[in-house]
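Let's take a friendly walk through a protein fold, strand by strand and helix by helix. Have the structure open beside you as you read.

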Amino acid sequence: MSVKTLDKQIIGQKDFLTLRDLSTDTILDLLESAEKIKEKLQAGVEYTPLKGKTLGMIFEKSSTRTRVSFEVGMLQLGGHALFLSSNDIQIGRGETISDTAKVLSEYIDGIMIRTFGHDKIEELANAATIPVINGLTDTYHPCQALADLLTIKEIKGSLKGLKLAYIGDGNNVVHSLMLACAKTGIDIAIASPKGYEPDADIVKFAEEAAEIQGSKVLVTQSPIDTIKDADIVYADVWTSMGYEQENITRREVFKPYQINAELIKHAKPDYLFMHCLPAHRGEEVTGEIIDGPNSVVFHQAGNRLHAQKAVLVDLLS
């Protein structure tokens, strides 16, 4: 690893909103930074580059991993995090996003927001004079994808040339995962039911990025074609936040897309099973798979802390 990774600016821009904005080298440098920060923590070495810094965390969607990992990450880096529920600040009572961004810019050093429409985070970032980090929108989840890459790299030893199979809803998680894979040379195959495919514009962008790296993007309705010879098998819930009214319909539509013992036979024997969590055992995946020996879901969840610390250090230090 380069000893300079923690001493240089990586992202090269004010905000971290989507992996579309980042080059392959930038993504790899962030992973390297995350690895070095993780090594320091595991070795008991104090590393507090964010001493005196404060991160405001706006939550319009509930969270376990995002809230805890960002809050703990700021603490371990020497800084402080403020939990800002939309019910507790004026944005929940009609204050404009722009006014909220400008006010917070006077008080704190950065904003992490977990919200609905991606246009909201873009408006927030445009009005703020401090960095804005995407903790999740309906369109993208870049922090999750960065942690996913870190996990794959740690366990498989490299990224380029691997195949990842995602089976399920074409949602924000797969959008960012698709960009992450395309930009780092991982082949990604996606199986979704008709009408639930990932966004066509993001697919096209990922295909173009993958072509540069010599990798492939496949979108199909066939779980078997998707999972064949996969190094990594990835699932997410069938009903994401904000779509609860569709739950009954989705459970029927997605039944053939369950990752179970029969389907997993088509993956490589040493496949990794990944899931961004929370998981619904018996729906998108059976218990024997997610709790089995090939599952790395808790290692993956743990890496949210380290990947996000790399982003925090880069943007706030």
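Strand β1 (residues 54–59) runs parallel to β2, and six bridges pair the two. Along this pairing, phenylalanine 59 sits opposite serine 85 in β2. Two strands are said to pair if DSSP finds at least two bridges between them. The names come from DSSP runs numbered from the N terminus: helices are H or I runs of at least four residues, and strands are E runs of at least two.

A word on the model: it is predicted, so local features need pLDDT of at least 70, side-chain atom pairs count only at pLDDT 80 or more, and totals for chains, interfaces and linings use all residues. Residues are numbered from 1 along each chain as its sequence is written, and side-chain values use heavy atoms, with hydrogens and water left out.

**The four-stranded sheet.** β1 and β2 belong to an open sheet of four strands, ordered β2-β1-β3-β4 with parallel pairing. Why is one side of β2 and of β4 left without a neighbour in the sheet? β2 (80–85) and β4 (132–136) stand at the edges, so each has a single partner strand. On average, neighbouring strands here are turned by 20° against each other, direction ignored. Such angles are taken between axes, which are lines fitted to C-alpha atoms (for helices over the stretch in contact), and they run from 0 to 180 degrees between N-to-C directions.

**A helix pair.** Strands pair through backbone hydrogen bonds, either parallel or antiparallel. Two packed helices are described by the angle and the distance between their axes. For helix α3 (residues 97–107) and helix α4 (residues 118–127), the axes come within 8 Å and cross at roughly 45°. The two helices are therefore oblique to each other: angles under 35 degrees count as roughly parallel, over 145 as roughly antiparallel, 65 to 115 as roughly perpendicular and the rest as oblique. Which residues meet? Ile97, Ser98, Ala101 and Lys102 in α3 are in contact with Lys120, Glu123, Leu124 and Ala127 in α4, where contact means heavy atoms within 4.5 Å. By class, four of the residues in this contact are nonpolar, one is polar and three are charged. Here Ala, Val, Leu, Ile, Met, Phe, Trp, Tyr, Cys and Pro count as nonpolar, Asp, Glu, Lys and Arg as charged, and the others, Gly among them, as polar.

**The five-stranded sheet.** A second open sheet has five strands in the order β7-β6-β5-β8-β9, again with parallel pairing. Its edge strands, β7 (217–220) and β9 (272–275), each pair on one side only. The twist from one strand to the next averages 20°. Some of its pairings are listed here:

| Strands | Bridges | Direction |
|---|---|---|
| β5 (163–167) and β6 (187–191) | five bridges | parallel |
| β5 and β8 | three bridges | parallel |
| β8 and β9 | four bridges | parallel |

Follow a row of residues across these strands. Alanine 165 stands opposite alanine 189 in β6 and opposite valine 233 in β8. Valine 233, in turn, stands opposite phenylalanine 273 in β9. Within β8, Ile232 and Tyr234 point one way while Val233 and Ala235 point the other way, and all are buried; buried means under 20% relative accessible area, exposed over 50%, and partly exposed in between (1.4 Å probe, protein chains only). Helix α12 (residues 297–316) lies across β8 and β9, running at about 50° to β9.

Glycine 242 lies in the loop between β8 (232–235) and α9 (247–253). With a relative accessible area of 40%, glycine 242 is partly exposed.
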